[in-house]
Amino acid sequence: MTNPTRRQFLATTTKAAAAATTLAAARPQTVHAAEDNMIRVGLLGCGGRGTGAAINALSVDNGPMTLVAMGDVSENKMKSSYTSLSEKRKIGDKVDVPEERRYIGFDAYKKVMDTLEPGDIVIMATPAAFRWVHYKYAIERGLNVFMEKPVTIDAPTSVRMLEINQAAIAKNLKVAVGLMCRHCVARQELFDRIQSGEIGDLLMLRAYRMAGPTGSAAAPPNTGDLSELMYQIKHFHGFLWLSGGAVSDFLIHNIDESCWMKNAWPVSAIASGGRHYRGEDVDQNFDVYSIEYTFADGTKLLVDGRTMPGCKREFASFAHGTKGSAVISTASHTPAKARIYSGQAFDKDNLTWEYPQPEPNPYQLEWDDLVAAIRSDTPYNEVERGVMASAVTSMGRMAAHTGQEITLDEFMKHDHEFAPNVDQLTLDSDSPLQLNAQGKYNIPMPGLVTKREYL
């Protein structure tokens, strides 16, 4: 915790943190670093994001930490991640994962967490479909948690995660969610300035993530080399049951940082979107999404997403007020280069404030903050905020996929769980999403299928 702004932010980040403070006072039970002061780390999900999170974890300069176990369903990803981590300068000597502690399979999460002691940390970086399953077991084991976004991808799991999280609060577990923009010092100062009225009353927010094909969102046909289940997991961005698709996985950061600046969650959404020249891609995503969120006071948040080659690229978020405007993020997630203008045009002559460069990396700051909370045994739980950001994002996705206006209340009461038996999957299981009679995956059909996102 490097300055008063971040201390203030960490103290007020969510209602869950406040609840944790109350519960911690009522219950003397605490979970913190082991007696030897060593925090042991287990990694679930050895893809790029999981490997990156492990690098950030082992780069924290706040007492000894070591990676002791890894788990995935893909042996190739496991090998690649282990090699990358063990050979990386400055952290390679903190990787102590012999072959017998590299677990493959859907039960690997239990094996990884069973190697840890209460107060250690488990990183959850698998596709979001498995998040509630892994989180529930981590709480049983008394482990602190870092979970990637999105936290949930449908209404039933959103409600379930909020319920499960009460047990984590009661145990005073420290839980971080990978919405790292909230830990960005530039955005934190911008938030303070917006809340103090520096750009006046907010009238509108805009957010964009428009790029070419991203991640595994555009999935080619299964060649038959993998089972349906393993093929879909390999291309998890392409299938709604696994990741929530391109909206949930790619747009959530821009949506979350915009809602943060408004200091509220929207109450409804309308949206449009469509599939264009798909070629042979068989995933469930649209190529474009355009979402209009409405807050309780009528303020709008406009969000545009696109994953099409050859088009204008934009990856930024903006706020417009009665006295001026602000850049929340400039291009990608970091550096934010947050700044404020006296008018609506982003003209240098109108510039009234900008955060000085360089900025600390928020991917590292979120880990610094989590470990600081563990070392000091300070209440720390970001799950409620993570669930709400995930649910609001899913609400916008559902509005686009159904062609209907969706309220947040309606969304949270919806009964369509994309993968209700995800906790029972094995390497030999059928996928929760099967090919239809035409040999294709069911896709959203706005206006035709209106009660759920796909059949």
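These legends accompany close-up views of a predicted model. Local features need pLDDT of at least 70 and side-chain atom pairs count only at pLDDT 80 or more, while totals for chains, interfaces and linings use all residues. Residues are numbered from 1 along each chain as its sequence is written, and side-chain values use heavy atoms, with hydrogens and water left out.

**View A. The largest nonpolar core has 55 residues.** Such a core is a set of buried Ala, Val, Leu, Ile, Met, Phe, Trp, Tyr and Cys residues joined through side-chain atoms within 4.5 Å; buried means under 20% relative accessible area, exposed over 50%, partly exposed in between (1.4 Å probe, protein chains only). Helix H6 (residues 131-141) gives the largest share, six residues; helices (H or I, at least four residues) and strands (E, at least two) are DSSP runs, numbered from the N terminus.

**View B. Val-422 touches Trp-241 and Phe-130, among others.** Ala-129, Trp-132 and Val-133 are also in contact with Val-422, not counting residues up to four places away in sequence (contact: heavy atoms within 4.5 Å).

**View C. Lys-149 and Asp-249 form a salt bridge.** The term means a side-chain nitrogen of Lys or Arg within 4 Å of a carboxyl oxygen of Asp or Glu. Here the closest N and O atoms are 3.0 Å apart. Lys-149 sits in the loop between strand E5 (144-147) and helix H7 (155-170) and Asp-249 in helix H11 (residues 245-262), so the pair ties together parts 100 residues apart in sequence. Both residues are buried.

**View D. Glu-453 meets Arg-397 in a salt bridge.** Their closest N and O atoms are 2.8 Å apart, and both residues are buried.
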